[in-house]
Amino acid sequence: MNLFRPIVYPLSEHVKAFSTTRRGGVGRGNYATMNVTHYCGDDEQHVQENRRILAEWLGTAPERIIVPKQTHQTEVNLITEENFLQKERLEGVDAIITTTPGICIGVSTADCIPILIYDGEKQAAAAIHAGWRGTVNRIAEKTIWCMEKWCGSRPDDLRAVIGPGISLEAFEVGDEVYDAFRQAGFDMQHIAKRFPASNETTKEKWHIDLWECNRHQLIECGIPDKHIRLSGICTYQQCEDFFSARRLGIHSGRIYTGVMLLPNK
């Protein structure tokens, strides 16, 4: 068994921010390895063992690793010491916020875009699942608004990470997806490009840059560009190391991108 090797993001010495890889943990086939998500069809014993490994690395208990049941919507929820065990708090939620140390919040992705946000002034953190639907509906913008409302955050104090996800070159879409972004007011010349189609039904198809769509949303909300870190990892092109639903199918594992506020010592 390989040692657990997550990607660690240097957001602050006061947090642990990371994305899991397909290294370490247990799992078989397209779930190999290190899947901590209950909702994708993996063997439950493997999920529990991977959660134990992650919890040990974090220095917290497995039940304090929060994995929402995402539905590609824009529901945002606040996780506290009092409610983190309430399962209904995680149903149909695609972004979560916390100000509680020792609780790891995170999102599951396998080509969609994970975003972490940290407020060092208010000691608040957020984890966002931004698939193309969430991106079109500006889930990152909504999450920042919720941080302002619930935590008193100011955008210029925020730092963000855009984690592993599908790249412009790999994210081929139909005209209906292109039109959804156009109708939502995105700068299509900046975020879309035509490439040769992957099949023979047409010569070219649109590709969308979800990294740039979300980076621009963060900037529009007031986060300084210099405070935004882009992992630059394409899950589709690097499916040996990262789960990719487009390469492996939906019956496969998920990357977990999480952030945990560290207790004051």
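Mentor: Helices (H or I, at least four residues) and strands (E, at least two) are DSSP runs, numbered from the N terminus. This is a predicted model, in which local features need pLDDT of at least 70, side-chain atom pairs count only at pLDDT 80 or more, and totals for chains, interfaces and linings use all residues. Residues are numbered from 1 along each chain as its sequence is written, and side-chain values use heavy atoms, with hydrogens and water left out.

Trainee: Thanks! What radius of gyration does the protein have?

Mentor: The radius is taken over C-alpha atoms, and the globule rule is 2.2 Å times the number of residues to the power 0.38. For 265 residues, that rule puts a compact globule near 18 Å. The protein agrees with this, at 18 Å.

Trainee: What percentage of the residues count as buried?

Mentor: Buried means under 20% relative accessible area, exposed means over 50%, and partly exposed lies in between (1.4 Å probe, protein chains only). Among the 265 residues of the protein, the buried share is 55%.

Trainee: Which percentage of the contacts between residues at least 6 apart in sequence joins residues at least 24 apart?

Mentor: A contact means heavy atoms within 4.5 Å. Taking the contacts between residues at least 6 apart in sequence, the share that joins residues at least 24 apart is 64%.

Trainee: Now the pockets. How much space lies in the largest pocket?

Mentor: On a 1 Å grid over the protein atoms alone, a pocket is an open set of points where a 1.4 Å probe fits, with protein on both sides within 12 Å along at least five of seven lines; lining residues have an atom within 4 Å of a point. Grid points are joined across faces, edges and corners, and a volume is the space filled by probe spheres set on the points. For the largest pocket, that volume is about 560 Å³.

Trainee: Is His 72 buried, exposed or partly exposed?

Mentor: His 72 sits in the loop between strand 3 and strand 4 (76-79). Its phi is positive, about 60 degrees, although His 72 is not a glycine. Most residues other than glycine have a negative phi, and most peptide bonds are trans. With a relative accessible area of 31%, His 72 is partly exposed.

Trainee: What is the phi of Asp 111?

Mentor: Asp 111 is in the loop between strand 6 and strand 7 (113-119). At 7% relative accessibility, Asp 111 counts as buried. Asp 111 is not a glycine, yet its phi is positive, at about 125 degrees.

Trainee: Which residues does the cis peptide bond join?

Mentor: Look in the loop between strand 2 and helix 1, where Thr 33 is found. The bond has an omega of about -10 degrees and joins Ala 32 and Thr 33.

Trainee: Why does Gln 217 count as buried?

Mentor: Gln 217 lies in helix 6 (residues 210-220). Leaving aside neighbours within four places in sequence, its contacts are Thr 135, Arg 138, Ile 139, Ala 140, Glu 141 and Phe 186. Gln 217 counts as buried because its relative accessibility is 1%.

Trainee: Last one: how far apart in space are Leu 262 and Glu 13?

Mentor: Leu 262 is in the segment after strand 14 (255-261). Not counting residues up to four places away in sequence, Leu 262 touches Glu 13, His 14, Val 15, Lys 16 and Pro 101. Leu 262 and Glu 13 are 249 residues apart in sequence, while their C-alpha to C-alpha distance is 8.5 Å.
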